[in-house]
Amino acid sequence: MSKKLKIATTSLAGCFGCHMSILDIDERLLALLELVEFDRSPITDIKHCSPCDIGIIEGGVCNAENVHVLHEFRKNCKILIAIGSCAITGGLPAQRNHLDLAACLTEVYLTEPGLEHGFIPNDPELPLPLDKVHPLHEVVKIDYFIPGCPPSGDAIWKFLTDLIAGKTPELGHGLINYD
Amino acid sequence: MSDTFMLDGVNVPFEAGQTVMQASLAAGHYIPHLCYHPEFKPHGSCKLCTVKVNGRTMASCTMPAEKDLNVESDIDEMNDLRRTLVQMLFAEGNHFCPSCEKSGNCVLQALGYDLEVHTAGFRHMFPDRPLDFTHPDILLDFNRCILCELCVHASSEVDGKDVFAFSGRGIDKHLIVNAVSGLLKDTDIALTDKAMQVCPVGVILQKRVGFSTPIGKRRYDISPISAQALKDAPRTGSKP
């Protein structure tokens, strides 16, 4: 391959477990680095995306900043991949979706025992939470999904190597997991 | 010499009174299915087992086997339909597999794996469905109910208790508990009931046994549902 593919990654409303799983491809990372270079990612600490071939996003969309970052990725990445349960289904953060957001904040910051002087945080640096947590595909077009909580290093390796080889990625029994 | 029909180009023998599903499974041919259970009368509600019979789409669990039928099951058109049905079920309920005790033993999840469903695709509905944890031994998590009706039939026809029923119509249709209070603690359900064994997803759960089987050793970790269903199915010659 003459030119290396550029990959960007980020975690929105996720726990970085999927990024840990990316590291779990272990020494194959060296083989991967023969084919790709990393742009914006916790691995490089680059803060903004430049035009990339593949964007990999962990976590769902739970606040205003997540929306901006997701749009930055969609604008810059030819192929956008949602990785993990939270990015694909909303996951754990979305377990609040059947509850009223104001009621949640009130209970957690105001009415729980021991919160006599409590207040709902409203520092301008804090991104505003969204009313509901959304899977990525509800906000922008997502091209591929790697399920799992997290997907195993082997699943990520299979998926990425299929994709880079120009094949439709398939996981198959043992690699496809929702948990 | 019994009569046969054609399934994906293979001759499948059948006995009078068998459905396409029964004859196929008995002969060792898998047709994906979800609400079909070999011990209960099929009611064809989930449509996962839809096949093409002489060019028309039919539920194979209710379709009587007939001589010389041409049945197409493992074709892109049917598998795409099945994938969409699984996706809609995932989007309609709250199926959060990472926290579900049934994960690894769940028929819906295993079908998703087998059909390579990577996303629900649709907008998730995130319905509000409170749990019923009133019974000392049994938990009901309605978030995962797919309305297969198996528990309703098992409780009524095998256990003779009528613990479960459906209420509402259309998108409002939901599983209820047959008690004046609506609570499981006010029924005579027992751990030994058939209704405890038939839930394909994680609605009816025995308390204090969750996650006892480690990941990697659960039912569908060991073999995909397409292989497992054939292991479970009554073979040709044996009484169902």
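How much area is buried between chain A and chain B, and what share of that do carbon and sulfur atoms give? Color the two chains separately and look at where they touch. The buried area is about 2100 Å², and carbon and sulfur atoms give 60% of it. Keep in mind as you go that this is a predicted model.

**Stop 1: where the chains meet**

Select the residues in contact across the two chains: 27 residues come from chain A and 25 residues from chain B.

Between chain A and chain B the count is two salt bridges.

**Stop 2: chain A on its own**

How many helices and strands does chain A have? There are six helices and seven strands. If you trace the chain along its sequence, the pattern goes β-α-α-β-β-β-α-β-α-α-β-β-α. The C-alpha atoms of chain A fill a box of roughly 60 × 35 × 30 Å, taken along the principal axes.

**Stop 3**

Select A:Lys78 and A:Asp53. They form a salt bridge, and the closest N and O atoms are 3.0 Å apart. A:Lys78 sits in strand S5 (residues 77–83) of chain A and A:Asp53 in strand S3 (residues 52–58) of chain A, so this pair ties together parts that are 25 residues apart in sequence. Over all chains, the structure holds 21 salt bridges.

**Stop 4**

Go to A:Phe16, in the loop between strand S1 (5–11) and helix H1 (17–23) of chain A. A:Phe16 isn't a glycine, yet its phi is positive, about 70°.

Next, zoom in on A:Cys149 and A:Pro150. The peptide bond that joins them is cis, with omega about -10°. You'll find A:Pro150 in the loop between strand S7 (144–146) and helix H6 (153–164) of chain A.

**Stop 3: a helix pair in chain A**

Select helix H2 (residues 28–35) of chain A together with H6(A). Are they roughly parallel or roughly antiparallel? Their axes cross at roughly 20° and come within 12 Å. Angles under 35 degrees count as roughly parallel, so H2(A) and H6(A) are roughly parallel to each other. The crossing is left-handed.

To see who touches whom, show side chains. From H2(A) come A:Arg28, A:Ala31, A:Leu32 and A:Leu35, and from H6(A) come A:Gly153, A:Asp154, A:Trp157, A:Leu160 and A:Ile164. By class, that contact has six nonpolar, one polar and two charged residues.

**Stop 4: a helix pair in chain B**

Bring chain B back and select helix H2 (residues 76–92) and helix H3 (residues 107–114) of chain B. At what angle do they pack? The angle is about 135°, with the axes 10 Å apart, which makes H2(B) oblique to H3(B). This crossing is left-handed.

Finish with the side chains here. B:Val86, B:Leu89 and B:Phe90 in H2(B) meet B:Leu108, B:Gln109, B:Leu111 and B:Gly112 in H3(B). The contact of H2(B) with H3(B) has five nonpolar and two polar residues, and no charged ones.

Terms used
Residues numbered from 1 in each chain as written. Chains lettered and ligands numbered in written order. Predicted model: local features only at pLDDT ≥ 70, side-chain atom pairs only at ≥ 80, totals over all residues. Heavy atoms only, no water. Axes fitted to C-alpha atoms, helices over the stretch in contact; angles between N-to-C directions. Helix = DSSP H or I, 4+ residues; strand = E, 2+ residues; numbered from the N terminus. Parallel < 35°, antiparallel > 145°, perpendicular 65-115°, else oblique. Left-handed = near helix turned anticlockwise from the far one by under 90°. Contact = heavy atoms within 4.5 Å. Nonpolar A, V, L, I, M, F, W, Y, C, P; charged D, E, K, R; others polar. Buried area = accessible area lost by both parts, 1.4 Å probe. Salt bridge = Lys/Arg side-chain N within 4 Å of Asp/Glu carboxyl O.
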